[in-house]
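The model is shown first.

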Amino acid sequence: ACRPAWKCTTRPKPCPPRIGAIVNAPPSLPFDAERVMRLALETFDIEARALIGLKARQGESFVHAVRAMLDSRGRVVVMGMGKSGHVGRKIAATLASTGTPAMFVHPAEASHGDLGMVTAGDVVMAISNSGESDELAAIVPAIKRLGVTLVAMTGKPESTLARHADIVLSSAVDQEACPLNLAPTASTTAQMALGDALAVALLDARGFREEDFARSHPGGSLGRKLLTHVRDVMRSGDDVPRVPPEMPLVDMMREMTRKGLGATAVVTPEGRVAGIFTDGDLRRLIERGADLRELRARDVLYPTPKTVRADALAVDAADLMEKHRITSVLVVDDAGLLVGALNSNDLMRAKVI
């Protein structure tokens with residue numbers, strides 16, 4: 001910080017602005033809470049009207065754009081400058097995650113080599129509210145020479161971009177939500193919604209399903225639910241509690257304690273599941289006053305346990321547990337041989353539930 005003027009040994013000079021200070025900032029107005037809320041509500045109203053107006057502006061051109069993207073042998077290459085570029089990145093990401101190969105190419109970088117990313121089998125969707133972006137105008141001739149289909153998303157259907165495009169999608173709005181009617185607000189909302197409409201129409205036309213969505217989102221909750229199989233999360237080998245039918249109940253309880261599943265499978269010498277015994281079964285025996293020292297596994301097992309296959313989806317195993325109000329299931333193969341075990345804690349650790 002600058003020293004006070006009375007400590008300066010030389011003629012005082014104006015102190016430099018503090019780091020982070022706004023130079024020549026306009027004086028702030030008194031805070032008006034009512035005006036803040038009024039502007040917020042007006043913004044919602046203006047952008048809602050923009051989206052309703054967007055419906056009336058769509059027609060055959062929208063169908064032609066979907067058809068071109070559906071028939072493309074390559075990718076949908078999205079371009080846009082400024083705020084339209086930010087929207088374009090999101091549209092490209094939405095298309096890619098819903099079954100339509102897509103990517104974003106910055107128009108300014110395209111003029112310096114990135115246009116090489118565009119191939120003859122692609123569809124280029126150029127986004128510009130004014131339709132007069134210099135960066136897009138500079139590469140339109142090169143795009144046309146490639147023979148690709150050019151789709152223009154613009155608020156000015158009479159613009160230069162629209163005149164050179166093969167298909168024009170109108171994203172026009174009557175006014176921006178900005179009080180100055182300058183900052184892209186309602187127009188970018190319209191662009192975003194139009195991009196979502198294209199993605200939804202395309203995914204439906206492709207027969208895109210939940211399983212397809214999960215494959216492109218393996219790290220998400222839906223991906224875990226639809227791609228995780230029982231074999232991926234079950235306990236196997238020595239981690240599976242198992243006892244023969246003749247084992248005394250006391251020894252069976254030790255096996256359950258060691259393996260920490262809250263249950264144990266009762267299996268025949270061949271490895272076939274004969275039944276299951278759980279912590280709940282033990283509590284019920286104690287409540288009845290049964291002599292635990294005289295009992296063996298065959299005396300207390302439940303003979304028809306719920307089982308699943310290793311290739312079943314883990315989410316189906318979770319549904320089975322919830323439906324029957326149980327916390328563990330046994331995993332068997334086609335011959336009924338025990339191959340694993342699974343409980344609700346295993347599913348929670350895998351974030352399936």
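Pockets and helix packing

Q: Which residues lie nearest the centre of the largest pocket, and how many residues line the pocket?
A: In this predicted model, 19 residues line the largest pocket, and Ile276, Thr278, Tyr302, Ile326 and Ser328 are those nearest its centre. The pocket's volume is about 410 Å³.

Q: Which elements supply at least two residues each to the lining of the largest pocket, and which gives the most?
A: Strand 8 (273-278), helix 12 (279-288) and strand 10 (328-332) each supply at least two. Helix 12 gives the most, with 5 residues.

Q: How does the lining of the largest pocket divide by class?
A: It has 6 nonpolar, 7 polar and 6 charged residues.

Q: What is the volume of the second largest pocket, and which residues are closest to its centre?
A: The second largest pocket holds about 210 Å³ of space. It is lined by 15 residues, with Met81, Ser84, Ser128, Asn129 and Ser130 the closest to its centre. Helix 3, strand 3 (123-128) and helix 7 are the elements that give two or more residues to this lining. Helix 7 gives the most, with 3 residues. By class, the lining divides into 3 nonpolar, 8 polar and 4 charged residues.

Q: Why are helix 3 and helix 7 called roughly parallel?
A: The axes of helix 3 (residues 82-97) and helix 7 (residues 186-205) cross at roughly 15° and come within 10 Å. Angles under 35 degrees count as roughly parallel. Helix 3 and helix 7 are therefore roughly parallel to each other. Their crossing is right-handed.

Q: Which residues make the contact of helix 3 with helix 7?
A: Helix 3 contributes Lys83, Ser84, Val87, Lys90, Ile91, Thr94 and Leu95, and helix 7 contributes Thr188, Gln191, Met192, Gly195, Asp196, Ala199 and Leu202. The contact has 6 nonpolar, 5 polar and 3 charged residues.

Q: How do you know which classes of residue form the contact of helix 2 with helix 7?
A: Phe62, Ala65, Val66, Met69 and Leu70 of helix 2 meet Leu194, Ala197, Leu198, Ala201, Leu202 and Ala205 of helix 7. Ala, Val, Leu, Met and Phe are among the residues that count as nonpolar. The contact therefore has 11 nonpolar residues, no polar and no charged ones.

Q: Why are helix 1 and helix 7 called oblique?
A: Helix 1 (residues 33-56) packs against helix 7 at an angle of about 45°, and the axes are 9 Å apart. Roughly parallel would need an angle under 35 degrees, and roughly perpendicular one of 65 to 115. Helix 1 and helix 7 are therefore oblique to each other. Helix 1 passes helix 7 in a right-handed crossing.

Q: Which residues of helix 1 and helix 7 meet?
A: Ile46, Glu47, Ala50, Leu51 and Leu54 in helix 1 meet Ala186, Thr189, Ala190, Ala193 and Leu194 in helix 7. By class, this contact has 8 nonpolar, 1 polar and 1 charged residues.

How values were computed:
Residues numbered from 1 in each chain as written. Predicted model: local features only at pLDDT ≥ 70, side-chain atom pairs only at ≥ 80, totals over all residues. Heavy atoms only, no water. Axes fitted to C-alpha atoms, helices over the stretch in contact; angles between N-to-C directions. Helix = DSSP H or I, 4+ residues; strand = E, 2+ residues; numbered from the N terminus. Parallel < 35°, antiparallel > 145°, perpendicular 65-115°, else oblique. Left-handed = near helix turned anticlockwise from the far one by under 90°. Contact = heavy atoms within 4.5 Å. 1 Å grid on protein atoms, 1.4 Å probe; cavity = no way out; pocket = protein on both sides within 12 Å on 5 of 7 lines; lining within 4 Å. Points joined across faces, edges and corners; volume = space filled by probe spheres on them.
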